[in-house]
Amino acid sequence: MWMRGGSSKAIYLLKSDLPDDLLTRDQLLLNIMGSPDARQIDGIGGGDPLTSKVAIVSASTNPNADIDYLFLQIFVDRAEVSASQGCGNILAGVGPFAIERGLVAPHEEFTAVRIHMVNSGDIAEAHVSTPQQRVTYYGNTAIDGVPGTAAAIQLFFDDIAGSICGALLPTGNARDMIDGVACTLIDNGMPCVLLRAADFGLTGRESRDELESHETLKKALESLRLQAGRMMGLNDVTSKPVPKMTLLSPPQAGGVIKTQSFIPRRAHASIGVFAAVSVATACRIAGSVAAPLARIPQHNTYQIEHPSGAIAVLIDADAAGDIRRTGVVRTARKLMDGVVFA
């Protein structure tokens with residue numbers, strides 16, 4: 001099934017339909033997407049990391065979940081498949097796909113699907129609209145970066161701090177210095193390196209194309225990323241899609257903070273779900289590079305601005321300020337259901 005999940009697109013596959021041998025599986029997926037090729041002209045990838053993704057779904061081996069979800073990033077320009085990170089946008093389509101494939105029985109009005117995110121080992125809960133016990137993709141919810149509206153899919157996350165790196169702040173510090181640049185290394189669902197845009201002579205208003213063509217900036221960010229990867233316990237990240245590099249500036253459209261992300265070397269059109277959760281979390285941490293730039297809301301909804309608009313991150317904190325649960329609202333749409341040839 002080919003689906004839009006959040007502001008990304010992926011092919012969703014049952015694990016049982018794929019080869020058991022990982023090398024054979026990965027070559028099959030590269031062929032399906034048309035990688036390596038900048039246009040992915042011989043496959044269904046869109047020539048962009050946001051549209052070259054795969055979700056592999058199966059009945060769960062975890063007693064606390066209904067299904068297992070493995071996310072794979074298919075590189076566009078080289079023959080590489082990575083499972084080193086998850087994807088919260090593609091996660092939005094996993095619940096509907098599982099229901100449509102008969103892995104989860106639908107309920108009236110909405111169906112809660114407990115999802116074991118294999119990449120990190122964490123559990124997410126998706127609330128999928130199922131009137132008359134059938135998945136619907138039609139609704140009135142709009143998300144920035146996607147035209148039109150669709151049915152809301154609520155995603156909730158428990159205990160995702162340190163999901164990849166083992167700790168919310170892998171170095172134990174709210175702020176570190178790398179190459180003379182202040183940064184916050186954080187992992188609340190996604191390993192991220194947060195930096196002030198102003199430290200690179202940027203205002204936060206630069207377009208994606210401007211960032212994409214700024215070779216001096218990209219070279220500096222890659223140097224920082226390679227060093228941060230080791231500091232975060234990720235070892236050599238030269239060929240890994242993490243950590244994500246995110247430039248921060250004061251909010252410009254009434255949100256909490258403005259972000260400009262790289263994934264990890266290409267400028268992002270918006271921001272990933274887990275990256276947005278990590279940024280929102282950093283805004284609450286005293287001493288982080290995010291805190292002085294952020295305008296903390298009185299309510300629990302954090303609008304994290306990005307080049308295409310904003311993503312709403314829900315933060316449930318206790319009286320002491322400790323985060324108990326996070327969540328986001330996404331949408332998904334089924335684009336095609338059929339046979340793909342490799």
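The expected span of a helix is taken as 1.5 Å times one less than its number of residues, and helices (H or I, at least four residues) and strands (E, at least two) are DSSP runs numbered from the N terminus. All views show a predicted model, in which local features need pLDDT of at least 70 and side-chain atom pairs count only at pLDDT 80 or more, while totals for chains, interfaces and linings use all residues. Residues are numbered from 1 along each chain as its sequence is written, and side-chain values use heavy atoms, with hydrogens and water left out.

View A. Buried residues (under 20% relative accessible area, 1.4 Å probe, protein chains only) in H4 are Leu217, Lys218, Leu221, Glu222, Leu224, Arg225, Ala228 and Gly229. Among the elements that cover them are helix H3 (208–212), strand E10 (181–187) and strand E12 (244–249).

**View B. Helix H1 (residues 22–33) and its buried face.** Arg25, Asp26, Leu29, Leu30, Ile32 and Met33 are the buried residues of H1. Seen down the helix axis, these residues fall within an arc of 160°, so they line one face of H1; the arc is that of the directions from the axis to the C-beta atoms. They pack against strands E2 (8–14), E3 (53–59), E4 (67–74) and E5 (81–82). At the N-terminal end, Asp21 caps H1 through a side-chain oxygen 3.4 Å from the backbone nitrogen of Leu23. Gly34 follows the helix with a positive phi, near 85°.

**View C. The nonpolar cores.** A nonpolar core is a set of buried Ala, Val, Leu, Ile, Met, Phe, Trp, Tyr and Cys residues joined through side-chain atoms within 4.5 Å. The largest has 86 residues, and Tyr69, Phe157, Leu195 and Ile257 have the most contacts inside it. Helix H5 (residues 273–283) supplies the largest share of this core, 9 residues. A second, separate core of 13 residues includes Leu29, Ile56, Leu70 and Ile74.

**View D. Tyr137 in the loop between strands E7 (122–130) and E8 (153–158).** Tyr137 is buried, with a relative accessible area of 11%. Beyond its neighbours within four places in sequence, its contacts (heavy atoms within 4.5 Å) include Met3, Pro96, Glu100 and Arg333. The side chains of Tyr137 and Glu100 are joined by a polar contact of 2.5 Å.

How values were computed. Buried < 20%, exposed > 50% of the residue type's maximum accessible area, 1.4 Å probe, protein only. Polar contact = N/O pair within 3.5 Å; in protein donor to acceptor, adjacent residues only side chain to side chain.
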